[in-house]
Amino acid sequence: MASSNEVHTQITKVLLQALGVEEDDIKPSAALQADLGAESIDFLDIAFRLEREFGIKIPRGELFSERVFELCSQIVQDGQVSAERLAALRAQMPYADLAALERDRRLNRIDDLFTVDFLTRYVMWKLRGNGAAQYGVPAPASHHLD
């Protein structure tokens, strides 16, 4: 299996092709939208390129889905994320590093979760043979997505 550094290098290549950004801009902490200028159509291109580059299958809606963005937008209440909502997010995205969010429950922008490191973790998760995230996990009470 590829190392995290090898995966990051390949993700850098994918993002250079998909977004046309400078290589120096692609840091692990770079947010795909805020820092690299990705738009919704770019997410489709990135997912397609990741599939080709790594020989993985990304089921529709697993990596960049409206459902993930909906869940993310619903977990924030008054700028804070409750433990219950954090657990729902973790179930939805088991590959995401939510440690910083656990320490500081303030979340200014949901799309800040979607970083270069997020992509690296996702690809590593897929390469380890993990399946789809738990899309059947309900949102916290009174915040169902259906």
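This is a predicted model: local features need pLDDT of at least 70, side-chain atom pairs count only at pLDDT 80 or more; totals for chains, interfaces and linings use all residues.
Reader: How many aromatic pairs does a search of the whole structure find?

Author: Rings of Phe, Tyr and Trp (its six-membered ring) pair if their centres lie within 6.5 Å; planes under 30 degrees apart are stacked, over 60 edge-to-face, and the rest tilted. The search finds five pairs here. Tyrosine 95 and tyrosine 122 make an edge-to-face pair, at 4.8 Å centre to centre with 80° between the planes.

Reader: Which parts of the chain does that pair link?

Author: Helices (H or I, at least four residues) are DSSP runs, numbered from the N terminus. Tyrosine 95 is in the loop between α4 (83-92) and α5 (99-103), and tyrosine 122 is in helix α6 (residues 116-127), 27 residues apart.

Reader: Are tyrosine 95 and tyrosine 122 buried or exposed?

Author: Buried means under 20% relative accessible area, exposed over 50%, partly exposed in between (1.4 Å probe, protein chains only). Both tyrosines are buried. Tyrosine 95 also forms a tilted pair with tryptophan 125, at 4.8 Å centre to centre and 55° between the planes.

Reader: Where does phenylalanine 48 lie, and how accessible is phenylalanine 48?

Author: Phenylalanine 48 is in helix α2 and is partly exposed, at 42% relative accessibility.

Conventions:
Residues are numbered from 1 along each chain as its sequence is written. Side-chain values use heavy atoms; hydrogens and water are left out. Helices (H or I, at least four residues) and strands (E, at least two) are DSSP runs, numbered from the N terminus.
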